[in-house]
Amino acid sequence: MTLSIHPSVQNLEDEIVATRRDIHKHPELSFKEFRTAKLVSERLQSLGIEVREQVGKTGVVGTLCGGKEGPTVALRADMDALPMQETSDVPYASIHEGVMHACGHDGHTAMLLGAAKVLSDKREQIAGNVKFIFQPAEEGYAGAKYMVADGALEGVDEIYGIHLWNYQKFGTVGVKPGPIMAASDKFTIDIQGIGGHGACPQGTVDPIVVAAHLITALQTIVSRNTNPLESTVVTVGMMEGGTNFNIIPHHATLKGTARAYTEDNRNLIKKRMAEITAGVGATYGAKITLDYQDGYPPTINADEQAQVLLEAAQKIVGDTEAGYPYLSMGGEDFSYFAQEVPACYFLVGSAPLDREPMSVPHHCSHFDIDERALLVGASVFVQVIEDRL
């Protein structure tokens with residue numbers, strides 16, 4: 001494997017790794033990233049970068065003004081951790097009970113801070129401006145939406161977002177035009193039946209039986225209503241109902257998630273789910289209520305920005321190691337930025353070389369990365385700005 005890490009980034013290896021480990025050791029939940037935001041703000045100010053704090057509640061935006069006139073390019077990293085207990089035994093493991101960085105946001109913040117330091121030394125050569133967006137609350141709380149509402153993208157012409165990706169080996173970068181992350185919606189289905197004795201089902205409306213039919217029927221949305229060449233997912237992740245083996249309950253509940261790469265399929269799923277729940281309810285005489293909640297929109301990469309990122313990544317990892325990513329139906333609130341300005345979201349392979357890419361998945365209690373990926377990500381950020389500005 002031949003990498004061309006940016007020389008200025010290479011010189012910051014110890015600092016970038018130390019920053020990532022410090023943040024990993026002190027994780028903070030969504031909209032509570034007070035220590036992390038303070039660290040980011042102080043680092044940016046020390047570089048002579050104009051800082052705006054409390055953007056979108058706990059976000060930080062740094063603006064580097066170049067020595068020449070030109071467009072404004074934004075780079076984004078998220079900062080929040082997850083509400084889960086870390087089980088790894090690394091020396092930089094979380095010191096906070098029930099909170100850990102299990103998705104790589106500690107690395108995202110460290111990479112962007114490293115890129116900011118490199119670019120601050122090149123400000124006179126930059127024809128335009130660079131905005132460094134450190135976003136809170138990506139993990140389900142739509143921090144990007146709050147930052148957009150708070151003016152984080154004012155004056156921005158395009159934006160690039162990064163994610164360390166343990167589903168790809170170290171030394172790779174994944175990027176593509178079009179959809180790269182899915183819409184992530186959730187639903188709750190309440191089924192009201194008529195309870196009774198399990199030995200005398202006549203006269204009852206069994207919500208357990210209704211729930212079973214619903215679970216099966218909902219799977220036909222993907223298998224029979226959507227184009228098989230367009231990825232979609234409908235998952236029932238929770239079924240709750242009943243109190244004892246011989247009692248037909250009055251009530252049952254289903255909860256799940258729906259994922260789609262396009263708004264058309266997202267709306268189709270929502271429409272068919274409403275039709276199916278109404279039909280099954282009428283068939284079995286149950287009262288069914290569907291609560292469908294829109295989550296993050298799909299993340300769509302603009303063609304031009306995806307090509308810019310691809311060419312920048314190829315300079316760092318080589319032509320063969322930059323290209324089509326390992327896709328996920330996961331959701332990303334970077335989508336809110338991408339709805340406002342041309343955008344590209346890319347994935348930096350971070351699976352340790354001595355392990356299979358799937359062996360340390362995101363959101364697991366022993367999540368960790370190959371820290372050499374931090375240099376790759378920071379280098380790509382720097383390269384994008386050098387190519388664009």
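User: How many aromatic pairs turn up in the whole structure?
Analyst: A search of the whole structure finds seven. Rings of Phe, Tyr and Trp (its six-membered ring) pair if their centres lie within 6.5 Å; planes under 30 degrees apart count as stacked, over 60 as edge-to-face and the rest as tilted. This is a predicted model, where local features need pLDDT of at least 70, side-chain atom pairs count only at pLDDT 80 or more, and totals for chains, interfaces and linings use all residues. Residues are numbered from 1 along each chain as its sequence is written, and side-chain values use heavy atoms, with hydrogens and water left out.

User: OK, what kind of pair do F31 and Y146 form?
Analyst: An edge-to-face one, 5.2 Å centre to centre with 80° between the planes. The pair links distant parts of the chain, 115 residues apart: F31 is in the loop between α2 (13-25) and α3 (34-46), and Y146 is in helix α5 (residues 143-149). Helices (H or I, at least four residues) and strands (E, at least two) are DSSP runs, numbered from the N terminus.

User: Is F31 buried or exposed?
Analyst: F31 is buried, at a relative accessible area of 16%, whereas Y146 is partly exposed at 39%. Buried means under 20% relative accessible area, exposed over 50%, partly exposed in between (1.4 Å probe, protein chains only).

User: What about Y296 and Y336, how do they pair?
Analyst: They are edge-to-face too, with centres 6.0 Å apart and 85° between the planes. This pair also links distant parts of the chain, with Y296 in strand β13 (residues 287-296) and Y336 in helix α9 (residues 334-338), 40 residues apart. Y296 is buried with a relative accessible area of 8%, and Y336 is buried with 12%.

User: Back to F31. Which charged end sits over its ring?
Analyst: That of K57, 4.5 Å from the ring centre. A charge sits over a ring if NZ of Lys or CZ of Arg is within 6 Å of the ring centre and within 35 degrees of the ring normal.

User: Switching topic: which residues touch the most other members of the largest nonpolar core?
Analyst: L75, F132, F134, L309, F346, V376 and V380, out of 68 residues in that core. A nonpolar core is a set of buried Ala, Val, Leu, Ile, Met, Phe, Trp, Tyr and Cys residues joined through side-chain atoms within 4.5 Å. Helix α10 (residues 373-388) gives the most to this core, with ten residues. There's also a second, separate core of 22 residues, which includes V55, I133, W165 and Y336.

User: And what is L309 in contact with?
Analyst: Leaving aside neighbours within four places in sequence, L309 is in contact with Y160, V173, V175, C344, F346, V380 and V384. Contact means heavy atoms within 4.5 Å.

User: Now α2. Which of its residues are buried?
Analyst: I16, V17, T19, R20, I23 and H24. They cover an arc of only 160° around the axis, which puts them on the same side of α2; the arc is that of the directions from the helix axis to the C-beta atoms. These buried residues pack against α1 (7-10), α3, α4 (105-120) and α10.

User: How many residues of α4 are buried?
Analyst: 15 of the 16, so α4 is largely enclosed by the rest of the structure. The end C-alpha atoms of α4 are 22 Å apart, which agrees with the 22 Å its 16 residues should span at 1.5 Å a residue. The expected span of a helix is 1.5 Å times one less than its number of residues.

User: What does T109 touch?
Analyst: T109 is in helix α4, buried at 0% relative accessibility. Apart from neighbours within four places in sequence, T109 is in contact with I23, T36, V40, A77, D78, M79 and F134.

User: One more: where does G67 lie?
Analyst: In the loop between β2 (59-65) and β3 (68-78). G67 counts as partly exposed, at 42% relative accessibility. G67 and R123 are 56 residues apart in sequence and 5.8 Å apart in space, C-alpha to C-alpha. Not counting residues up to four places away in sequence, G67 touches R123, E124 and I126.
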